[in-house]
Amino acid sequence: MRIRLGIAIATMAALLPISPVAQAQSVTGELNWGIRSSFNNYTGGASELRDGVERKGNTFSFPMESQSYDQAENRTEAQFRGEVIYKKYCHDNGSCDLDLSMKNPKVVITDNGSYIEATVSSKQYNKNETYAPATPVRIANLHTASAGFKNENGRIEWSQIPTSLTEEGNKMFSEFYTVGEGLAPVSFSYTGQGARPATNA
């Protein structure tokens, strides 16, 4: 009797509808971003790349960690891993006037605004303080309307997304620039689902 009851319960559970929720999954993909060309030219480029980041021409390539797409919310989240480190104008005691790290960038594409967030640590130039929030911060806004987008054969490709500097991103650069200034364009691709924001139309 217990066996029959267990089979009946399992059968009923299999027939129940599954709620549509965003699901994160391990996928293949990469993010290509040069961060800011003038900053790389001024500093002579990154001092060190960690955790899988590679140089590809004038950009840094970050391998994908995970991706999720919520169709009901039309929200894409793409988490990448890796760290880009700048250490310049260093002294004999090991300290550097410019000591900046940006790691594990995450791309978020939504109808209500798209952006990149990352974990950052930046010694504020000529100040005795370091900007190092405990959680990732939004460092760049993404302007997807004019960017290239493809959804073919289970692969999503975004290309040449214009970006602009946020207040937190400017803090990462020791406030050398102005909030709203352009950064390097962003391109990323992955196997999985995704869509343009409805506002792009």
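How many nonpolar, polar and charged residues does the lining of the largest cavity have, by class? I counted seven nonpolar, two polar and three charged, taking Ala, Val, Leu, Ile, Met, Phe, Trp, Tyr, Cys and Pro as nonpolar, Asp, Glu, Lys and Arg as charged, and the others, Gly among them, as polar.

A note on ground rules: this is a predicted model, where local features need pLDDT of at least 70 and side-chain atom pairs pLDDT 80 or more, while totals for chains, interfaces and linings use all residues. Residues are numbered from 1 along each chain as its sequence is written, and side-chain values use heavy atoms, with hydrogens and water left out.

**Cavity.** I found one cavity of 30 Å³ or more, a cavity being a set of points, on a 1 Å grid over the protein atoms alone, where a 1.4 Å probe fits but cannot get out. The largest cavity holds about 70 Å³ of space, the volume being the space filled by probe spheres set on points joined across faces, edges and corners. Its lining residues (an atom within 4 Å of a point) include Phe 39, Asp 97, Lys 123, Met 172 and Ser 174. Strands S8 (96-109) and S9 (114-123) are the elements that give two or more residues to this lining; S8 has the largest share, four residues. Helices (H or I, at least four residues) and strands (E, at least two) are DSSP runs, numbered from the N terminus.

**Ser 174.** Ser 174 sits in the loop between helix H3 (167-172) and strand S14 (182-191). Its relative accessibility is 16%, so I logged Ser 174 as buried (under 20% relative accessible area; exposed is over 50%, partly exposed in between, with a 1.4 Å probe and protein chains only). Its side chain reaches the backbone oxygen of Lys 123 at 3.3 Å. Beyond its neighbours within four places in sequence, Ser 174 is in contact (heavy atoms within 4.5 Å) with Ser 122, Lys 123, Gln 124 and Tyr 125.

**Disulfide.** Searching the whole structure gave me one disulfide (a pair of cysteine sulfur atoms within 2.5 Å). Cys 90 and Cys 96 are joined, S to S 2.0 Å, and the link is right-handed, with 95° about the S-S bond. Cys 90 is partly exposed at 43%, whereas Cys 96 is buried at 5%.

**Positive phi.** Tyr 89, in strand S7 (residues 83-90), has phi near 55°. Asn 104, in strand S8, has phi near 50°.

Note on methods. 1 Å grid on protein atoms, 1.4 Å probe; cavity = no way out; pocket = protein on both sides within 12 Å on 5 of 7 lines; lining within 4 Å. Polar contact = N/O pair within 3.5 Å; in protein donor to acceptor, adjacent residues only side chain to side chain.
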